[in-house]
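Subject: Structure handover

Hello,

Here is the structure for your files. My notes on it follow below the entry.

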Amino acid sequence: VSGEARLVVATSSASYEVVIADGLLGQAGEYVRKVSDGARCALVTDDNVYGMFGATVSTSLRDAGIEAVEIVVPHGEPSKRWDRAGEVLEQMAAARLERTDLVVALGGGVIGDLAGLCAAVYLRGVGYVQLPTTLLSQVDSSVGGKTGVDLRAGKNLAGAFKQPLLVLADTSALGTLPDEEWRSGLAEVAKAAMLTGSDQVEWMIRNAGALAHREPEAVREAVLAAVRHKIGVVSADEHETGLRESLNYGHTLGHAIERVAGYGVVPHGLAVAEGMRFAARLAVSVLGASAEVASVQDDLLNGLGISQPPYPRDAEALLDAMHADKKARGGTVRFALVPEPGRYVAAAVDDDVLLAEVRAWVEQSDERG
Ligand SMILES: NC(=O)c1ccc[n+]([C@@H]2O[C@H](COP(=O)([O-])OP(=O)(O)OC[C@H]3O[C@@H](n4cnc5c(N)ncnc54)[C@H](O)[C@@H]3O)[C@@H](O)[C@H]2O)c1
């Protein structure tokens, strides 16, 4: 389509394109045809997205000679479950999809992670294509090949690395996103900007109003920059042995907040943004970073309309939750810290230090809010 941007992801296991433009869903068939000879695909989506874009994508696939077996799951995080993946696989098998056929994931991160896992294990692996329709999935989850489901013990505890054959990010699909989902996505875009460098942070602060109002040009630019950043990271470190850990910026406390509040209570993006604010404080006390970084980051988040959420101010419970997360290693909680925009440091923080910091943080937050 006109005005498209194409970025290439090259990891040690695969190379594929991320295409970013308005109007891609209506042309999905042509693009998918270029990466696959398959005659059929499982079009995996959720009930919300199916109603909005299912017919458009199915028709486009059919016009390109690819029959879509539609598999629709309920929307929301609870669909990212092992038994739900099993049902999708049974439907794929019942439709007799073959090894040369595809999985096409149409939806947000829940669908991408679930369908990607199914693609990784169906017949020991078939190709898959991502059509991300949320801001979060366009800038983050559709790129990089992490797939998976949640277990009772925690989020994303079972999964596989499976790179897609193609990602089509149709930015015009974002117009229908609920405000809360929009802000959640913006928090991840802000995270990417902090990891990219001061030019990107300044650009985003200047364009915060335009982004909050979803002005198309600013949205495309922001998606492009965030995807470019993510590609740089996953190309250098596909399996999260080093640099990829930086993408956890804000997620250590963020995940703990989501867990302690009860999943679904505090929106993911607001929890991550709160985690970024806390991490900026840690960067000062643990790394001796300048407090200026925290204030620039506050300008960025506030400008985007990302406020501090209410959540249980229970420092012990938050610390326990951080230990339960995958990000604890050898019993010590690890943080991705950004002492200045564009620079990332991994830090293991001892429990006594961390507890004191979290306690001070929640007390201050109480005073603020
Ligand atoms: N694989 C990765 O690297 C990675 C990275 C980050 C997050 N994730 C995962 O992503 C998930 C969150 O993704 P998400 O925020 O996209 O959530 P989601 O997939 O649940 O989508 C959010 C909601 O928006 C609806 N929706 C989707 N597109 C829409 C549109 N265009 N208009 C209106 N509504 C629309 C969905 O039906 C859903 O109700 C989490 O499970 C998280 O663990 C994975």
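**Charges over rings**

The charged end of K34 is placed over the ring of Y31, at 5.1 Å from the ring centre. A second case is R313, which lies over the face of Y311, 4.3 Å from the ring centre. A charge sits over a ring here if NZ of Lys or CZ of Arg is within 6 Å of the ring centre and within 35 degrees of the ring normal.

**Basis**

This is a predicted model, in which local features need pLDDT of at least 70 and side-chain atom pairs count only at pLDDT 80 or more, while totals for chains, interfaces and linings use all residues. Residues are numbered from 1 along each chain as its sequence is written, and side-chain values use heavy atoms, with hydrogens and water left out.

**Sheet and helices**

An open sheet is formed by 7 strands in the order β1-β2-β9-β6-β5-β3-β4, with mixed pairing. Strands and helices are DSSP runs numbered from the N terminus (E, at least two residues, for strands; H or I, at least four, for helices), and two strands pair if DSSP finds at least two bridges between them. β1 and β4 stand at the edges with a single partner strand each, so one side of each has no neighbour in the sheet. On average, neighbouring strands of this sheet are turned by 20° against each other, direction ignored.

Strands β6 (residues 127-132) and β9 (residues 166-170) run parallel and are joined by 2 bridges. V129 has L166 as its bridge partner in β9.

Two helices lie across strands of the model. α3 lies across β3 (40-46), β4 and β5 (102-107), and runs at about 155° to β4. Helix α4 (residues 109-121) lies across β3, β4, β5 and β6, at about 170° to β5. Contact means heavy atoms within 4.5 Å; axes are lines fitted to C-alpha atoms, for helices over the stretch in contact, and angles run from 0 to 180 degrees between N-to-C directions.

**Salt bridges**

The structure holds 20 salt bridges (a side-chain nitrogen of Lys or Arg within 4 Å of a carboxyl oxygen of Asp or Glu). One of them joins E17 and R6, with the closest N and O atoms 2.5 Å apart. E17 is in strand β2 (residues 15-21) and R6 in strand β1 (residues 5-10), 11 residues apart. E17 is partly exposed at a relative accessible area of 26%, and R6 is partly exposed at 38%. Buried means under 20% relative accessible area, exposed over 50%, and partly exposed in between (1.4 Å probe, protein chains only).

K80 forms a salt bridge with E77 (3.9 Å, N to O) and another with D150 (3.9 Å, N to O). The pair of D150 and K80 links strand β7 (residues 146-151) to the loop between β4 (67-73) and α3 (82-94), 70 residues apart. D150 and K80 are both buried. Through shared partners, salt bridges join E77, K80, D113, D150 and K155 into one network.

**Aromatic pairs**

Which rings form a cluster? Ring pairs link F278, F335 and W361. The whole structure has 2 aromatic pairs. F278 and W361 form an edge-to-face pair, 5.9 Å centre to centre with 65° between the planes. F278 lies in helix α11 (residues 268-287) and W361 in helix α14 (residues 351-368), so the pair ties together parts 83 residues apart in sequence. F278 is buried at 0% relative accessible area, as is W361 at 6%. Rings of Phe, Tyr and Trp (its six-membered ring) pair if their centres lie within 6.5 Å; planes under 30 degrees apart count as stacked, over 60 as edge-to-face and the rest as tilted.

Regards
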